[in-house]
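The following note comments on the fold, one topic to each point. Please read it beside the displayed model.

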Amino acid sequence: MRGLTRTLQIGIPSLMAGLSAIVVQAAVFQTGGGTGGDLFDPGSFGRCLYRAAMQINGGRAEVSVIACEAGGGSLSTAFKVEQVTRDGRTVRLVTLKPSPDTPPMMVAVSQSVGEAQASRSGEGRHQIEEIPIPSGARVLSFQRNDESRTSLERLAVRMPEAGVRGYYDAILARDGWSRLFPESRESGLMVFVKGATVCCVGVGAADSYGESRVTLLHKRGAVK
């Protein structure tokens, strides 16, 4: 168990960072005469670290995560406006800087017009079947990468933060999940394991309407 705990301590933050990068809602940019790369070939801006087909709220998207080795200066000159659409496809970008000592990273999400409409349409539906959600919870967004067997779902739950943590402590224990790092009860991040599957439950404080924001990260085959 000690070896498993160490493996998860190292792996879970990286997994959360990678998935969070894909779903960050932030400014969208467009090439405006700058130099340094072709927007419709995101790998031309730097080294492509990750490229996969994703499901986003029922629509399909091609997602690339790129290390911007040239630095942030070339990016700021390349991206001017809000989004790019060409030949029926739209590319949206967000740039991230994980730490002061690392180069910026760029996340590019490419969709056809139909795929983008599917991603925006309709009420969200709970899709992580192994993980229950509280009664009345609203699904805000859902992403899945079948290749890595990873799903991420965001919820709004009309319940205080402590109530959400108590709900998942009780219901996942009932369903055979074991909680790791139980001593960190006030951190807002709960990590559960069942066989080779890991589930992370992130809980944010309730807003003025009494809703807590909850993130469910579910990955099969995470434990070797």
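In which sense do strand E1 and strand E2 pair, and over how many bridges?

1. Basis of the note. This is a predicted model, in which local features need pLDDT of at least 70 and side-chain atom pairs count only at pLDDT 80 or more, while totals for chains, interfaces and linings use all residues. Residues are numbered from 1 along each chain as its sequence is written, and side-chain values use heavy atoms, with hydrogens and water left out.

2. Strand E1 (residues 47–56) and strand E2 (residues 59–67) pair in the antiparallel sense over 9 bridges; two strands count as paired if DSSP finds at least two bridges between them. Cys48 stands opposite Ile66 of E2. The hairpin leaves 2 residues between its strands, and Asn57 takes a positive phi near 50°. E1 also runs antiparallel to strand E6 (residues 138–145), to which 2 bridges join it; here Gln55 is opposite Arg144.

3. The chain as a whole. The secondary structure comes to 4 helices and 11 strands, taken as DSSP runs numbered from the N terminus (helices H or I, at least four residues; strands E, at least two). Of the 224 residues, 40% count as buried, where buried means under 20% relative accessible area, exposed over 50% and partly exposed in between (1.4 Å probe, protein chains only). Among contacts (heavy atoms within 4.5 Å) with a separation of 6 or more, 56% come from residues 24 or more positions apart. The accessible surface is about 11700 Å², with 52% belonging to carbon and sulfur atoms; areas come from the Shrake-Rupley method with a 1.4 Å probe, and for residues only the protein chains shown count as cover.

4. Helix H4. This helix (residues 161–174) has 14 residues and reaches 20 Å from its first C-alpha to its last, close to the 20 Å expected at 1.5 Å a residue; the expected span is 1.5 Å times one less than the number of residues. Val164, Arg165, Tyr168, Ile171 and Leu172 are buried in H4. Seen down the helix axis, the buried residues of H4 fall within an arc of 150°, so they line one face; the arc is that of the directions from the axis to the C-beta atoms. The face turned away from this buried side carries the exposed residues Ala162 and Arg174. Cover for the buried residues includes strands E7 (150–157), E9 (189–194), E10 (197–203) and E11 (212–219). Just after H4, Gly176 has a positive phi of about 95°.

5. Nonpolar cores. A nonpolar core is a set of buried Ala, Val, Leu, Ile, Met, Phe, Trp, Tyr and Cys residues joined through side-chain atoms within 4.5 Å. The largest has 19 residues, and those with the most contacts inside it include Ile131, Tyr168 and Leu172. E6, E7, H4, E9, E10 and E11 each give two or more residues to this core, and H4 gives the most, with 4 residues. Apart from it lies another core of 9 residues, among them Leu180, Phe181, Cys200 and Val223.

6. Two individual residues. Val84 lies in strand E3 (residues 84–86) and is buried, at a relative accessible area of 9%. Arg149, in the loop between E6 and E7, has a positive phi near 55° although it is a residue other than glycine; at 46% relative accessibility, Arg149 counts as partly exposed.
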